[in-house]
Amino acid sequence: MKISYIKCSVWLAAALCITIISKAQTAAPTKASSNTEKHNNYDDSRIEQGKQVERIQMNVNDKVLKVELVDHKMTELYVNGEKIAAADWGKYSNELAAIREQLKRNQEQAVRNQEQARLNEIQAKKNQDQSARNQEQSKLNQIQEKKNEEQAVRNQEQARLNEIQSKKNQEQSGRNQEQEKLNEIQAKKNQEQAEENERLIKQLTQDLVGDKLIPNQNSLRNFAINDYEMTVNGVKQPDAVFKKYKERYSQFSKNSMSYSRDGIIKNDR
């Protein structure tokens with residue numbers, strides 16, 4: 001009895017593997033069978049009293065095996081119509097293994113069939129959509145042909161306008177060349193003014209350092225002078241200093257001048 005119990009336990013563990021395929025089945029009954037009673041193979045799954053019951057019959061090694069599973073656990077085994085006790089299930093492990101393998105292949109094929117059916121439906125829908133798009137494209141092509149004819153007329157008109165524009169461009173080119181000459185003259189004046197500003201700030205900075213109004217040439221941040229006052233780095237200078245620099249830089253006697261560290265000199269008239 002101990003040996004039989006061990007065989008039974010091993011078989012029960014193996015029998016659980018049979019139930020893998022039943023997990024993909026629904027409450028609706030499914031059945032597949034052959035055309036002969038002697039070799040009638042089927043796999044029938046349904047819900048009975050709230051439990052999933054699966055009955056399988058298959059011919060293996062010239063034996064007709066019937067298996068019943070409840071909630072994925074094997075509860076009955078028949079061989080050639082004879083009910084086999086659970087303690088003897090292990091004697092048919094090879095046949096049951098064959099059943100498990102065949103059912104696994106059946107399940108895999110069923111999954112592939114379902115996937116192919118889904119793809120076929122998708123493709124049919126795509127074909128219908130493509131047919132509708134083709135019809136719509138045909139209409140659009142006709143519309144485009146009409147637009148092309150209208151565009152050809154506009155192109156001719158545009159060509160005439162382009163000739164007129166080309167003449168205007170030539171005239172503008174002449175004006176641009178004249179403007180370039182004026183720009184060169186102005187650039188030269190700007191350069192001369194920049195050099196003069198640099199010379200002026202250099203001289204002003206030296207004077208401010210010499211009069212001890214700033215400690216060194218790099219400390220001048222801003223400078224301003226007008227008809228009323230003079231400031232250095234934001235500090236108003238005494239009247240004597242103001243008069244001295246107003247006379248020294250007489251070019252600003254009738255207007256004002258300001259300078260900031262960014263190198264910009266502004267003359268306000």
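1. Strand S4 (residues 73-79) pairs with S5 in the antiparallel sense over two bridges, where pairing needs at least two DSSP bridges between the strands. Opposite Glu-82 in S5 stands Val-79. Strands are DSSP runs of E with at least two residues, helices runs of H or I with at least four, and both are numbered from the N terminus.

2. Please keep the provenance in mind: this is a predicted model, in which local features need pLDDT of at least 70, side-chain atom pairs count only at pLDDT 80 or more, and totals for chains, interfaces and linings use all residues. Residues are numbered from 1 along each chain as its sequence is written, and side-chain values use heavy atoms, with hydrogens and water left out.

3. The open sheet has five strands in the order S1-S2-S3-S4-S5, with antiparallel pairing. S1 (42-48) and S5 (82-83) are the edge strands; each has a single partner strand, so one side of each lacks a neighbour in the sheet.

4. Glu-68 belongs to strand S3 (residues 63-70). This residue is buried, at 16% relative accessible area (buried is under 20%, with a 1.4 Å probe and protein chains only). Its side chain makes a polar contact of 3.1 Å with that of Arg-55 (N or O atoms within 3.5 Å, one able to donate a hydrogen and the other to accept it; residues adjacent in sequence count only if both atoms are side-chain atoms).

5. Helix H2 (residues 93-210) is followed by Lys-212, whose phi is positive, near 60 degrees. Among the buried residues of H2 are Leu-96, Ile-99, Leu-103 and Leu-204.

Terms used. Buried means under 20% relative accessible area, exposed over 50%, partly exposed in between (1.4 Å probe, protein chains only).
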